Amino acid sequence: MIPPERRFRLSVRAAEKGTLLRERPTLPTMYRDRHSHRFLGFGATALIVAAALPDALWAAPSFPRGPGFYFDPVKVIAVIICFLGWVKLGAWLDDDARAYNLDIVFWNGLLLAGGAAGFLVIWLLGAFWFGLFLALLAVGGPTGWYISVRNRKAPVEERLFTREHFLRLYKKYNTRASKTTGAVEGSEELPIRFLSRSTSGEPEENVRVARVQQSKGYQAALEMVWNALQRRATDIHLEPTSSEMAVRFRIDGIMSNIKPFNRSTGDAVVNIFKVLCNLDITEKRKPQDGSFTAEVEERMIEFRVATAGSVVGEKLVMRLLDSSAQLADLEHVGMTEEMRTSVRDLISRPHGLILVCGPTGSGKSTTLYACLHEIDRFQQNIITVENPVEYRLDGITQIEVNVKQGKTFAGELRSILRQDPDVILIGEIRDKETAEIACQAAQTGHLVFSTVHANDSVTAVARMIDLGVPPFMLSSALVAVLAQRLVRRLCKKCRKRIRPGAETLKKLKVDADAVRYLYRAFDPVEDAKKMDEENEDEDEPVEVELCEICGGTGYHKRIGIFELLIVNDKIRELVRENPNINEIRKVATANGLHTLFEDGTRLVIDGETSIQELLRVSK
């Protein structure tokens, strides 16, 4: 019989060496669960059962052992931390693989095998710390492989272990630390510095910047702009009322209300931006526009400012342009593989006019620059004419239109045609003269990209004719029209899975057997009501915690939906002889034209967006 005092002792290799307890590893039969506490409970149960087993199962009675428990607490704690980290990593990998439609079984199995092999090495190898290093390599190898694969599918801004990823982490935790310690008390603590523009257009610190730094609302202006940048706003609206200055940000295409200023502070903030733009602060009725620059964490942000008088005061709108932002390519704007192939074929042509249409803020410029990114900029002469220049590209001549200085689209186009260009990008076609010059350039051996405001690809053809372009000229120059919209992406952390109804499936034009689940956005109000109904016995109402990623909106960032009209001989003949929009649409549909809504249905089925969001933007 084994004495009772020895029943719960565990065998060790050598007490003198202080090596880790060599106990039999007990791994959970289920590798991954959404709630880590289940694993902890399972592991604790396994340890209790193991401790209750007879000593004979652990070691022979003749094995020499002294009194007490011989183990190194530091090493035990290190193993426990590694185990918990492995469980957490498995939970993250499972969620992330689902979000990017990767093989969940394969990657979970690979990580499970790596973790099991690592812990086995720790138990069997005599040198503990070397064994722990090998275990970390066994887990880190599959993890690194998975990250490299998922980064190929993820948008640029969602890739892991890149320079941008580390910068985002630094901003996130640095901002939290500043808020916790109360460091953001003065303007010098915010990593943002306003710069005015010189007569040559270059940003600089001058007397105007010195003036605004002494103004009453300078700190409020800094904090507002910093808040807008942190929330990824593209526009800032300052709207006066009788008692206050309302502040609104446009985030992912939707206006969001921010804490307003009192009227005196709001007027002071408006004056600060007018001074930075060198506008007349005494003129509050006539519209004015200008620009200034801000240096934010070693990158430059441009601000386009426009003012307008109203019955209660002066309204100001600022467009935020991050010229240092990394350009998206055709892989990440949202196109299908088939459409990317068609677009690459179009932009490889030696000449022709390619139009991108859509409302303001629908990502037209981003798509055009993604097309330029596919062209060899060092073997071809590429010139752009824009207002303003939103992205900076090496190897490209970029010209900014300035009506005040007499630089118009039409005037600049005439001059650049004498600069021997191969590819021309026109920021926007607004008038007859610009449209005709673009068509003429496309007919004389140049590949021309431009944008036009139209609801869809077929309507864009009618829009060009309405501007005054002769149908025969348009028909010979136009090669394709790309219509697009931006839909908000569902937040992958808080989106809700639902069963689609018959009406929804009818709208999507899919069978019930093909689609079992769809996703909707998190709604704080509706979800709180449902939770209250489920917990009727509780007296206090259930509080719904807002998602820290999307801020409770249910959406985070945007992706494009597209409609590509390729002009073939039949459509070209219709445009030349009888530009009837309905006939052109029928022929295009017969040739395989997919509407914006039809292209967006794939995103709804894949869980990227909701049916409500698709209907909102594609009506």
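Q: Is Val247 buried or exposed?
A: Buried means under 20% relative accessible area, exposed over 50%, and partly exposed in between, with a 1.4 Å probe and protein chains only. Val247 has a relative accessible area of 3%. So Val247 is buried.

Q: What kind of model is this?
A: First, some bookkeeping: residues are numbered from 1 along each chain as its sequence is written, and side-chain values use heavy atoms, with hydrogens and water left out. Local features need pLDDT of at least 70, side-chain atom pairs count only at pLDDT 80 or more, and totals for chains, interfaces and linings use all residues, since this is a predicted model.

Q: What average pLDDT does the protein chain have?
A: pLDDT is the predictor's confidence in each residue, from 0 to 100. Here 80% of the residues score at least 70. The average pLDDT of the protein chain is 80.

Q: How many contacts beyond four places in sequence does the model have for residues 1–60?
A: Contact means heavy atoms within 4.5 Å. Over residues 1–60 the pLDDT stays under 50. Residues 178–188 are also below 50, and that stretch has ten contacts beyond near neighbours in sequence. For residues 1–60, the count is 88.

Q: How many helices and strands does the protein chain have?
A: Helices (H or I, at least four residues) and strands (E, at least two) are DSSP runs, numbered from the N terminus. By that count, the secondary structure comes to 20 helices and 17 strands.

Q: What share of the protein chain's contacts with a separation of 6 or more joins residues 24 or more positions apart?
A: The protein chain has 619 residues, and 44% of them count as buried. Among the contacts with a separation of 6 or more, the share from residues 24 or more positions apart is 65%.

Q: How far is the C-alpha atom of Val247 from that of Lys259?
A: Val247 belongs to strand 4. Setting aside neighbours within four places in sequence, Val247 has contacts that include Met224, His237, Asn257 and Lys259. Lys259 is twelve residues away along the chain, but the C-alpha separation is 6.6 Å.

Q: What phi does Asp252 have?
A: Asp252 sits in the loop between strand 4 (244–251) and strand 5 (254–262). Asp252 is buried, at 9% relative accessible area. Its phi is positive, in a residue other than glycine, and is near 55°.

Q: Is Asn278 buried or exposed?
A: Asn278 has a positive phi of about 60° although it is not a glycine. Look for Asn278 in the loop between helix 8 (263–276) and strand 6 (288–296). With a relative accessible area of 53%, Asn278 is exposed.

Q: How are helix 2 and helix 3 oriented to each other?
A: Axes are lines fitted to C-alpha atoms, for helices over the stretch in contact, and angles run from 0 to 180 degrees between N-to-C directions. Angles under 35 degrees count as roughly parallel, over 145 as roughly antiparallel, 65 to 115 as roughly perpendicular and the rest as oblique. The axes of helix 2 (residues 73–99) and helix 3 (residues 104–124) come within 9 Å and cross at roughly 170°. That makes the pair roughly antiparallel.

Q: How many charged residues are in the contact of helix 2 with helix 3?
A: Ala, Val, Leu, Ile, Met, Phe, Trp, Tyr, Cys and Pro count as nonpolar, Asp, Glu, Lys and Arg as charged, and the others, Gly among them, as polar. Helix 2 brings residues including Trp86, Asp94 and Arg98, while helix 3 brings residues including Trp107, Asn108 and Phe119. By class, the contact has 15 nonpolar and three polar residues, and the charged ones number two.

Q: Which residues of helix 20 make the contact with helix 19?
A: The axes of helix 19 (residues 596–605) and helix 20 (residues 611–618) come within 10 Å and cross at roughly 160°, so the two are roughly antiparallel. From helix 19 come Leu596, Phe597, Gly600, Thr601 and Val604. From helix 20 come Ile611, Leu614, Leu615 and Ser618.

Q: How many of the ten residues of helix 19 are buried?
A: Among the buried ones are Leu596, Asp599 and Leu603. Their packing partners include strand 14 (478–490), helix 15 (502–508) and helix 20. Helix 19 is largely enclosed by the rest of the structure, because its buried residues number seven.
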